[in-house]
Amino acid sequence: MGIPFSQVPTWDDRTPIYVISVAAQLAGMHPQTLRQYDRLGLVTPSRASGRGRRYSAYDVAKLRYVQHLSQEEGVNLAGIRHVLELQSEVEDLRRRVNQLLAEVQRGVGVSRQSSQRASRVFSAGPAGDVIAMGRQQTTTRWVRTHPLELGQR
């Protein structure tokens, strides 16, 4: 029984060290299956200088997950490819969210320091342009009226 890929330890060991026969044995598969998955783009190992495939511990875990989806969940190979693509996209988005959160946290510290020095307020001008305002400065309210309302014809 395989384990879902999401429950695989989160180590980041992507060093390609296993030849195809060892990776196949670790994943409980035939080496030909690994070659087929490589051709289909499901699990793409690194290549050694002699063009031999080299699998990492991460690749082996991914192979087990593919086997789990296929044999225990009944997902076909096209569905597995789609699942893996979506999971990769989610991982990318999570990394991006973490980057943005870190930027916001750094920015909050900077903005708190700078807000004590000077507050920045912006307003929209009559043409839609942005106008920087001073702290106590007020704006003129621009109201557009229809020419008929002004008595012009």
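# Briefing: four helices and four strands

The protein has four helices and four strands. Helices (H or I, at least four residues) and strands (E, at least two) are DSSP runs, numbered from the N terminus. The model is predicted: local features need pLDDT of at least 70, side-chain atom pairs count only at pLDDT 80 or more, and totals for chains, interfaces and linings use all residues. Residues are numbered from 1 along each chain as its sequence is written, and side-chain values use heavy atoms, with hydrogens and water left out.

**Overall layout**

- From the N terminus on, the order of elements is α-α-β-β-α-α-β-β.
- Of the 153 residues in the protein, 21% are buried. Buried means under 20% relative accessible area, exposed means over 50%, and partly exposed lies in between (1.4 Å probe, protein chains only).
- The protein's accessible surface is about 11500 Å², and 51% of this belongs to carbon and sulfur atoms. Accessible areas come from the Shrake-Rupley method with a 1.4 Å probe; for residues, only the protein chains shown count as cover.
- Among contacts with a separation of 6 or more, 51% join residues 24 or more positions apart. A contact means heavy atoms within 4.5 Å.

**Helix H1**

- Helix H1 covers residues 20-27 and includes valine 22.
- Ile20, Ala23, Ala24 and Ala27 are the buried residues of H1. Seen down the axis of H1, they fall within an arc of 100°, so they line one face of the helix. The arc is that of the directions from the helix axis to the C-beta atoms.
- An α-helix has 3.6 residues a turn, so residues three or four places apart point the same way.
- The buried residues of H1 pack against H2, E2 and helix H3 (57-72).
- Valine 22 is partly exposed, because its relative accessibility is 32%.
- Val19, Val22 and Leu26 form a nonpolar surface patch, with about 180 Å² of accessible area together. Patches are made of residues with over 30% relative accessible area and no salt bridge: like charges are joined within 9 Å, nonpolar side chains (Val, Leu, Ile, Met, Phe, Trp, Tyr) within 5 Å.
- Glycine 28 follows H1 and has a positive phi, near 75°.

**Helix H2**

- Helix H2 spans residues 31-40, and its buried residues are Leu34, Tyr37 and Asp38. Viewed down the axis of H2, these residues fall within an arc of 105°, so they line one face of the helix.
- Glycine 41 comes after H2, and its phi is positive, near 80°.

**Salt bridges**

- Side chains of opposite charge can pair when their charged atoms come close.
- A salt bridge is a side-chain nitrogen of Lys or Arg within 4 Å of a carboxyl oxygen of Asp or Glu. The count comes to three salt bridges by this rule.
- Asp38, Arg47 and Arg53 are linked in a salt-bridge network.
- Arginine 53 meets aspartate 38 at 2.7 Å, N to O. This pair links distant parts of the chain: arginine 53 is in strand E2, aspartate 38 is in helix H2, and they are 15 residues apart.
- Arginine 47 also forms a salt bridge with aspartate 38, with the closest N and O atoms 3.0 Å apart.
- Aspartate 38 counts as buried, at 11% relative accessibility. Arginine 53 is buried at 18%, while arginine 47 is partly exposed at 36%.
- Arginine 95 pairs with aspartate 92 in a salt bridge, with the closest N and O atoms 2.4 Å apart. About one helical turn separates them, because they are three residues apart in helix H4 (residues 77-117).
- Arginine 95 is partly exposed at 48% relative accessibility. Aspartate 92 is partly exposed too, at 40%.

**Loop between E1 and E2**

- Arginine 51 sits in the loop between strand E1 (46-47) and strand E2 (53-54).
- Its phi is positive, near 70°, although arginine 51 is not a glycine.
- Arginine 51 is exposed, because its relative accessible area is 58%.

- Strand E3 (residues 121-124) and strand E4 (residues 130-133) run antiparallel and are joined by four bridges. Two strands pair if DSSP finds at least two bridges between them.
- Alanine 124 stands opposite valine 130 in E4.
- Five residues lie between E3 and E4 in this hairpin, and glycine 128 in the turn has a positive phi of about 90°.
- Aspartate 129 is in the loop between E3 and E4. Aspartate 129 is partly exposed, with a relative accessible area of 40%.
- Not counting residues up to four places away in sequence, aspartate 129 touches Ser123 and Ala124.
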